[in-house]
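Morning, everyone. I have one chain to show you today. Let me put it on the screen.

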Amino acid sequence: MSPTGRMYDGPHADLTWTIIGCAKRVYLELRFGFLVKVYENALAIKLEAAGLTVERQAPIKVHYRGQLVGQYVADLLVNGVVIIEVKAVEHLLAVHEVQLVNYLRATPVEVGLVINFGLKFDLSRKILTNDRRLGRLPQGVDS
């Protein structure tokens, strides 16, 4: 636990806590059973009501050696600095976290959340600092 008493004090900590609080309120109101899009839309509405900027279906482009090799969309991008992937599954799987980490690797965004509106509210937070981006090797490492 951090000196502030929070379990997380990384990049964009206050924003992340606001997002999590909004997501929990959406879950308490809607509960389990809707399709992902319902939770995604409800969460976007709640985040915007909290004064946050939300981009829905934010484009993510993956490049390899300067060429576009894939295009994806993140469910939500909040204030341009936190990617959110929304799920409505029984429980989160490793593949959901890998998807989020790959989105972080392909963008300059450092913080991501997978939020599951499943049988039980659950989430996973991932951080990938900008010195660990896709295609960037540490100094002294040849490609």
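Residues 24 or more positions apart make up 53% of the contacts in the chain with a separation of 6 or more. Contact here means heavy atoms within 4.5 Å.

A word on the source. This is a predicted model, where local features need pLDDT of at least 70, side-chain atom pairs count only at pLDDT 80 or more, and totals for chains, interfaces and linings use all residues. Residues are numbered from 1 along each chain as its sequence is written, and side-chain values use heavy atoms, with hydrogens and water left out.

Now confidence. pLDDT is the predictor's confidence in each residue, from 0 to 100. The chain averages 88, and 85% of the residues score at least 70. Residues 137-143 stay under 50. For that stretch the model has two contacts beyond four places in sequence.

Next, the elements. The chain has three helices and five strands. From the N terminus, the order is α-α-β-β-β-α-β-β. These are DSSP runs, numbered from the N terminus: helices are H or I, at least four residues, and strands are E, at least two.

On to the sheet. Five strands form an open sheet in the order β1-β2-β3-β4-β5, with mixed pairing. Two strands pair if DSSP finds at least two bridges between them. The edge strands are β1 (54-64) and β5 (121-127), and each pairs on one side only. On average, neighbouring strands of this sheet are turned by 35 degrees against each other, direction ignored. Axes are lines fitted to C-alpha atoms, for helices over the stretch in contact, and angles run from 0 to 180 degrees between N-to-C directions.

Which helix packs on the sheet? Helix α2, residues 36-49, touching β1, β2 (67-78), β3 (82-87) and β4. Its direction makes about 110 degrees with that of β1.

Look at β4 next, residues 111-117. β4 and β5 pair in the antiparallel sense over seven bridges. Leu-113 stands opposite Arg-125 in β5.

Is Val-36 buried or partly exposed? Its relative accessibility is 31%, so Val-36 counts as partly exposed. Buried means under 20% relative accessible area, exposed over 50%, partly exposed in between, with a 1.4 Å probe and protein chains only. Beyond its neighbours within four places in sequence, Val-36 contacts Val-86, Lys-87 and Ala-88. Val-36 and Asn-116 are 80 residues apart in sequence, yet 9.0 Å apart in space, C-alpha to C-alpha.

Last, burial overall. Of the 143 residues of the chain, 38% count as buried.
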